[in-house]
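Look at the sequence and the model before reading on. The paragraphs below go through a few parts of the structure in turn.

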Amino acid sequence: MDWAAAGRASAGVWAPAASGCGSVSPAGRMCVCPGPRRIGIPVRSSSLPLFSDAMPAPTQLFFPLIRNCELSRIYGTACYCHHKHLCCSPPYIPQSHLRYTPHPAYATFYRPKDSWWQYTQGRRYASTPQKFYLTPPQVNSILKANEYSFKVPEFDGKNVSSVLGFDSNQLPANAPIEDRRSAATCLQTRGMLLGVFDGHAGCACSQAVSERLFYYIAVSLLPHETLLEIENAVESGRALLPILQWHKHPNDYFSKEASKLYFNSLRTYWQELIDLNTGESTDIDVKEALINAFKRLDNDISLEAQVGDPNSFLNYLVLRVAFSGATACVAHVDGVDLHVANTGDSRAMLGVQEEDGSWSAVTLSNDHNAQNEREVERLKLEHPKNEAKSVVKQDRLLGLLMPFRAFGDVKFKWSIDLQKRVIESGPDQLNDNEYTKFIPPNYYTPPYLTAEPEVTYHRLRPQDKFLVLATDGLWETMHRQDVVRIVGEHLTGMHHQQPIAVGGYKVTLGQMHGLLTERRAKMSSVFEDQNAATHLIRHAVGNNEFGAVDHERLSKMLSLPEELARMYRDDITIIVVQFNSHVVGACQNQE
Amino acid sequence: MHVPEDAVVSSADVALALASAASQNGVQIYDRTSILHVMVRKGQVTGVETDKGQIQCQYFVNCAGQWAYELGLSNEEPVSIPLHACEHFYLLTRPLETPLQSNAPTIVDADGRIYIRNWQGGILSGGFEKNPKPIFTEGKNQLEIQNLQEDWDHFEPLLSSLLRRMPELEALEIVKLVNCPETFTPDMRCIMGESPSVQGYFVLAGMNSAGLSFGGGAGKYLAEWMVHGYPSENIWELDLKRFGALQSSRTFLRHRVMEVMPLLYDLKVPRWDFQTGRQLRTSPLYDRLDAQGARWMEKHGFERPKYFVPPDKDLLALEQSKTFYKPDWFEIVESEVKCCKEAVCVIDMSSFTKFEITSTGDQALEVLQYLFSNDLDVPVGHIVHTGMLNQGGGYENDCSIARLSKRSFFMISPTDQQVHCWAWLKKYMPEDSNLILEDVTWKYTALNLIGPRAVDVLSELSYAPMTPDHFPSLFCKEMSVGYANGIRVMSMTHTGEPGFMLYIPIEYALHVYNEVMGVGQKYGIRNAGYYALRSLRIEKFFAFWGQDLNTLTTPLECGRESRVKLDKGMDFIGRDALLQQKQNGVYKRLTMFILDDHDTDLDLWPWWGEPIYRNGQYVGKTTSSAYGYTLERHVCLGFVHNFSEDTGEEQVVTADFINRGEYEIDIAGHRFQAKAKLYPVPSLFTHKRRKDDVELSDLQGK
């Protein structure tokens, strides 16, 4: 398979889908547009000569087209047309993608150290024909590499948890992946925590949030006596009460180096909670606990970066955490009480089975981005009137950031003075970095960004069968209704088709064969996946125009070189939580 | 392959024709009558209890097909017939535009897993799919019978391969898809013969979807079996007694037949092991050996090590390892054989069938003298190799018997003899004697310590002198090994190599093994498996029952006259036949062949069943073969016949006839020159270390 791709990066790229994202290939098929970047930063024109000669295909073919454009109109997100083979049709990149118009002067920010531009100059794509075809087992091994399932153990044959278990999975597009996921059971209070975290400008912040946020939430939920007991145990060197039981995939790691630092920050938090306690034992409000935990963790991330650490590795780490960002969508399930705390544009979707067996989606979170009018309003109100035009520009915060709420991202939170001070005193790596040094335009009245979540409460009903938490990588490619239907049918085994019987009709072998082949194609994608999240990813990446998984397409999408994958899709992280309708029903009746 | 004589018959018509022919000869057929159970008195069939009354009979033949298992179990003393049904689908179509003629050949496309034949001018096409659907696991089930419906989705792969092979058939109109369960057995061979526990209870079932083609022959042999007590051909491989109750688990059968059915159309390679229904019987050392790289094969449910893969070596994946050429384990077995020849190896041989026969008086010796062909009246502590012959002088079993005391004997037989040998002994032992026959297979773990250094290992572990002066060959002694007392040590290795078999009460197995490995370290001990054993054995012309020897081969035909007490004036089963044979001469002779111009690396290997040519004339087939690492040649064992050139009649085979011939072995159409030997190569028995062979490693401390 050759890489003779016809690339185009021109103003036409961002025209509406109807007019095509670039060229229509000789094969008569549409080429693909890359997903939008979360952040754009300016690129000095000096970096453009990076497109030197001798650049192998496809960049080589890509280059003349770029040169034809005005340099200032280089878009961070270039359009790739792989006219013969990657013939992704418009449905794959939904309209929502095209809403985004990058700032003319900004090229993609990829990650602090290795931007995509650097990739194109530093690495040579193999100019030899690339092998694209993956066999079904190869596809499966890629799709299943990160899958994880957890079943809540049953005690005495009686399952008392309203959660049956969950399936989770993630598929990287960035290298390394910037998404994170977490799941844990609260041991000192009842309930289970599940969350997806979408990082940008690197994975440092999403990693830190995935490790720390649940501790903050669990601590916020703890009664005063338990906090005291834990604090006393720390003080006297006794064994601590365990707070969380993690349910982790082997690939989900925790940073060993920062563990002590993180613990100290957490301990300060609960010490303050103890001090704040007025003595009256009030019921802990979950919504308040979630909001406090989010804000507190973000505050700690910010403080740790300002204070620094004598250990140079840790010092660099806390700075990277603070200068990168992450959204978070967290669910807390305790009996019939479901709370979703969301910061950013990941989404929580409830799968409801109607009486007739059909599936409907109930959204339990609001996206914090330019498509949410209330968010735009909020931002405008929080800043002087004269900033009304600049605070949200090209559907991005200050023209740069897609999510309007996030952890980290101190560039949108700190004053210019503080940013400069920290960077100057920081390690060289930080100083050399284009991105960290760059101050957003029209930066007058920080903070522009908050980690405060919006909390939604839902009381579970027996018809609420599952909850899907996923980063925008999924929601960009699939409609919520499809997501819920696919998961619903997967979980309930609705896919079992009626057997065929010839029964007196005139059927030829050929007709029967055609019918059977079609049925098998439908079945195979269902049976291949034990894990509902894997099944969703298979659909998200491999769906054709008709909503059926197309192996050829799947194989092409998954065999993209590491450096290019991000141009066709975003990281996808999914958690599917399954509820126990019997327990939910019983809880309802009791009350 | 086109077979012009090929024919298509309708099974229903054949059955009806047979039934009417039988009726004309006075056979009564009871329609719509169910059998409740078979009546047995004193281990002998006396009649059948049906829902319409009793029927007296001397013989009962269970040919109930997929219900044979259940019918067998309905007896008071159950007869275990391991088989299991799988759904089987075939397609019927309307006639072709030009209807197929009755002489249209039957077509089998093994790669596509399908067969196609003429059916009323249209086609009948079915196959053996990769993912069979076992059925009736819980027995005859009315619900399942009624739900035997067409499953088109299941048939889809077969339909695809049919249309891939013959795209033109696309336009044919479907009549229906028939679901007709077929019965399969754990080893893809049918089941026939007499029950080991009930005399007169015969079985013919489990035809693995080939009932119609095998029916005629199977019926003939079963009839002979009932009339004469044995069939005219060796059909041990089909004998019900190759199985025991241990293969009767429904779970086992359900899993195994799912592997067996697709195998019908798979390429069957030598030394292939079933993957399902494994790890049923294991030695206590299984985990230890497995952790050391053991690869396993299964015999009669028992896991046995084939060889040990060194940590730094990778073998091919299962599918890739299928070959008729030099296999990937060649070098591994080579180093194991070398270690057996030069140092010492330990092989776990616990699977061997072990019986103990004791009596209060002298009956044990009397009975055994009649049952076995060699003289067992030897001093206590001696081991005798002997056959257990039938009336025709053929081997029913080939075993080693140690005389433990005046009145007790310890008998070691091949693994798959557990059911057959037991039944044979029970049949011929006087009923009212106070003889005790006990199956002690499970009580002992057997370790074979092979090699010149086995002596050193054992004497160090027992503080007893083990040299041939103190412990001559074919001798058995109970002694202590390590801390464990009461270990039965026998100076034989089943290979002709020096060494010892240790029969260890199972609770001591791990201890003794650890001690042997610990002490053996300085003698260069290592684990070895059955492939090494096999190579050593065949290289030394040791024939093995079940492979080389069967119920139709006599001791005289394989040069074992010295193991028969013909001249001692004692009666034993098969004596008359042997005396007659001795007088008349033998009509076939087991011979060892050493391949001369065979390239081990490049040529196809002999496995077994290769034709033997003498002076260009076909004279027989090989029965087993192995690469002899010492001879650096392939060795085949096989029987040489002397067919008259004019009539094809069998004539006497003399040593002279064998020696004066030029031999060739035909491997897949290519003939290789072979040297014929009637006795093992003597040089193999002398272990002389040449001076220039000494290596530094030989200087390691002792």
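The model is predicted. In chain A, the secondary structure comes to 21 helices and 17 strands. The chain has 591 residues, and buried residues make up 58% of them. Contacts can also be sorted by how far apart the partners lie in sequence. Among the contacts in chain A between residues at least 6 apart in sequence, 77% join residues at least 24 apart.

Helix 18 of chain A covers residues 532-542. How many of its residues are buried? The count is 11 of 11, which makes the helix mostly covered. An α-helix has 3.6 residues a turn, so residues three or four places apart point the same way. In helix 18 of chain A, the buried residues include Leu536(A), Ile537(A) and Val541(A), but also His535(A), Arg538(A) and His539(A). Buried here means under 20% relative accessible area. At the start of this helix, a side-chain oxygen of Asn531(A) comes to within 2.8 Å of the backbone nitrogen of Ala533(A).

Now turn to chain B and its strand 23, residues 444-450. Seven of the seven residues in this strand are buried. In a regular strand the side chains alternate between the two faces of the sheet. On one side of strand 23 of chain B are Tyr444(B), Ala446(B), Asn448(B) and Ile450(B), and on the other are Thr445(B), Leu447(B) and Leu449(B); both faces are covered.

Which strands does strand 23 of chain B pair with? Strand 17 of chain B, residues 345-348, is joined to strand 23 by four bridges, and the two run antiparallel. Here Cys345(B) has Ile450(B) as its bridge partner. Strand 26 of chain B, residues 499-505, is joined to strand 23 by seven bridges, again in an antiparallel arrangement. In this pairing Leu449(B) stands opposite Phe500(B).

The last part is the interface between the chains. Here 14 residues of chain A are in contact with 16 residues of chain B. The area buried between chain A and chain B is about 1400 Å², and carbon and sulfur atoms give 63% of it. On the side of chain A that touches chain B, seven residues are nonpolar, four polar and three charged. Between the two chains there are zero salt bridges, while six residue pairs are in polar contact across the interface.

Methods. Residues are numbered from 1 along each chain as its sequence is written. Chains are lettered from A and ligands numbered from 1 in the order in which they are written. This is a predicted model: local features need pLDDT of at least 70, side-chain atom pairs count only at pLDDT 80 or more; totals for chains, interfaces and linings use all residues. Side-chain values use heavy atoms; hydrogens and water are left out. Buried means under 20% relative accessible area, exposed over 50%, partly exposed in between (1.4 Å probe, protein chains only). Two strands pair if DSSP finds at least two bridges between them. Contact means heavy atoms within 4.5 Å. Buried area is the accessible area (1.4 Å probe) that two parts lose on being put together, summed over both. A salt bridge is a side-chain nitrogen of Lys or Arg within 4 Å of a carboxyl oxygen of Asp or Glu. A polar contact is a pair of N or O atoms within 3.5 Å; within protein, one must be able to donate a hydrogen and the other to accept it, and residues adjacent in sequence count only if both atoms are side-chain atoms. Ala, Val, Leu, Ile, Met, Phe, Trp, Tyr, Cys and Pro count as nonpolar, Asp, Glu, Lys and Arg as charged, and the others, Gly among them, as polar.
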